[in-house]
Amino acid sequence: MRTIISLLLLFFCISLFSQTQISQDNFEGNSSIPSWFGDDCIIDTNFNNPFPNGSNLSTKVLRYSDVGGLYANVGFDAGFNFNLLTSSVFSLQVYVPSNGITGNQNNQISLKLQNGTIAQPWSTQCEIIKPILLNQWQTITFDFATDAYINLDPNSLNPLNRWDFNRVLIQLNGENNTSNVLAYIDDFLYSGAVSTFNNLVWSDEFDGNGAVNSLNWFHQTQLPNGFSWYNGELQHYTDSEDNSFISNGFLNIVAKREEFTNQGQTKQFTSARLNSKFAFKYGRVEVRAKLPTGAGTWPAIWMLGKSIIEPGGFWTSTHGTLHWPACGEIDIMEHWGTNQNVISSAVHHPINGNLSVGEFSYNAQYKPNVSNEFNIYAVEWNEQSITFSVNGINHFSYNPAIKNQYTWPFDAEQYLLLNIAIEPSVAPNFVQSTMEIDYVRVYQENVLNLDNVSNFSKIKLFPNPVTNELTINSKENINTTAEIYSLLGQKLYSCVLKEENTNIDVSNFQNGIYLVLIISEKGIDTYKVLKK
């Protein structure tokens with residue numbers, strides 16, 4: 001039983017943490033920041049706290065020393081793009097001793113966001129400046145939703161509408177001066193949007209070898225207009241294992257050049273198109289895949305409304321009520337072999353006033369080596385917006401101000417499709433290429449949230465948010481334990497639940513979100529608890 005619980009816990013943690021944007025560092029081993037760097041300044045990330053008093057009794061801090069550099073930034077690259085629309089606050093503690101500064105600069109601290117992946121990252125900068133007091137620890141927050149900000153480029157968008165920020169810089173007492181500043185920084189925190197879609201409701205891990213699991217997938221092979229597929233595509237889709245099969249834990253969808261006659265039509269290419277036998281409304285989809293290559297290949301990971309009327313589709317006979325585009329289409333990933341290093345995402349919906357004519361919104365991101373490396377293609381879809389990403393880096397969000405049957409047919413269940421089409425631009429020397437898929441996972445909102453709705457109705461956690469002491473009330477405590485984990489997966493506390501109330505001291509925990517796992521013979525129940 002314990003082995004099973006451990007495996008379930010590991011899987012749960014991996015699935016949840018993969019959806020989490022968090023940058024934090026207390027400089028005592030609890031860090032999700034890859035590495036800090038000093039730009040025109042000297043830093044030490046393992047410095048003994050010289051002023052362990054007031055609000056900061058930590059042992060270790062970051063020491064920042066500007067010895068006259070014109071810029072003197074300390075910073076890091078997060079490894080993901082910040083989603084400021086859902087989580088816009090950065091915080092840290094800072095101490096500046098008065099004997100560590102020279103000149104007559106303003107006593108202030110700046111937090112700057114940039115795109116660290118381009119040649120001139122400063123050109124993308126957005127900055128918030130806050131005043132500070134000397135000779136004391138203080139917590140400074142930078143809120144890009146409410147604080148006054150400065151765009152280096154005055155033509156830049158509001159930071160809440162930006163998806164390109166992935167670098168953080170911190171600067172004391174301004175730039176373009178040769179004054180000295182000594183400062184100490186601690187408890188940096190950006191607790192990005194933990195997806196509310198953290199309950200795995202459906203997946204295919206493609207374990208084993210052989211045919212595609214027919215309980216999960218339907219092979220769509222019927223030519224919808226009797227002689228061809230849409231967009232002038234050249235392929236027949238088949239249900240043959242030559243075109244779709246599982247090998248060593250990967251789904252292989254193979255597009256190949258071969259003459260094939262079916263439904264009275266002879267074509268020169270074959271491929272596969274899979275419909276999921278699972279449909280859902282709102283959630284997060286993650287697909288880890290390696291894409292085919294070659295001009296003319298058009299792989300896609302996408303979704304259609306379950307209500308679509310499309311001859312030969314899995315859902316049409318039972319739920320078909322709307323033609324495309326009235327059913328809505330969500331393209332999680334599209335790739336064209338003629339544009340090898342670009343990943344595109346889009347939504348298709350009816351043009352305003354006409355349900356029979358479609359229009360679309362899209363964006364793309366540059367992503368090299370998509371045919372040689374696996375990447376995670378994801379979409380997060382809720383009642384307000386649809387957001388697309390590759391490896392956690394967002395590149396497009398659709399959120400129309402007016403939502404109606406034309407702009408927002410995305411308020412009903414959709415199903416998944418996996419396929420490779422062949423375009424007329426196919427290269428003469430193309431023979432075959434494969435899309436390999438490691439897994440497909442669908443997450444939806446867990447009933448477990450900060451309101452403490454639980455599968456174990458006899459267990460309650462309070463208060464939530466909590467400041468000093470968390471109480472777990474259990475009337476069913478036989479062989480039941482509680483474990484607390486950080487969002488980085490670090491186990492921080494464990495105990496056996498007592499009769500009635502178990503009190504847990506969390507006063508020394510950093511502010512943020514923690515996972516409380518209640519483990520019994522019934523299984524694992526998970527709560528999110530906010531520590532203030």
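**Salt bridges**

Modeller: This is a predicted model, and in it aspartate 438 is buried, its relative accessible area being 16%.

Biologist: Which residue does aspartate 438 form a salt bridge with?
Modeller: Its partner is arginine 288, and the closest N and O atoms of the two lie 2.9 Å apart. The pair links distant parts of the chain, since aspartate 438 sits in strand 29 (residues 432-444) and arginine 288 in strand 20 (residues 283-290), 150 residues apart.

Biologist: And arginine 288, is that buried or partly exposed?
Modeller: Arginine 288 is partly exposed, with a relative accessible area of 27%.

Biologist: How many salt bridges turn up in the whole structure?
Modeller: Searching the whole structure gives 11 salt bridges.

Biologist: What about arginine 167, which residue does it pair with?
Modeller: Arginine 167 forms a salt bridge with aspartate 77, with 2.7 Å between the closest N and O atoms. This pair also links distant parts of the chain, with arginine 167 in strand 11 (residues 167-172) and aspartate 77 in strand 5 (residues 73-77), 90 residues apart.

Biologist: Why does arginine 167 count as buried?
Modeller: Because its relative accessible area is 16%, and buried means under 20%. Aspartate 77, at 30% relative accessibility, counts as partly exposed.

Biologist: Switching to lysine 130, what is its partner?
Modeller: Lysine 130 forms a salt bridge with aspartate 147, the closest N and O atoms being 3.1 Å apart. Lysine 130 counts as buried at 19% relative accessibility.

Terms used
Residues are numbered from 1 along each chain as its sequence is written. This is a predicted model: local features need pLDDT of at least 70, side-chain atom pairs count only at pLDDT 80 or more; totals for chains, interfaces and linings use all residues. Side-chain values use heavy atoms; hydrogens and water are left out. A salt bridge is a side-chain nitrogen of Lys or Arg within 4 Å of a carboxyl oxygen of Asp or Glu. Helices (H or I, at least four residues) and strands (E, at least two) are DSSP runs, numbered from the N terminus. Buried means under 20% relative accessible area, exposed over 50%, partly exposed in between (1.4 Å probe, protein chains only).
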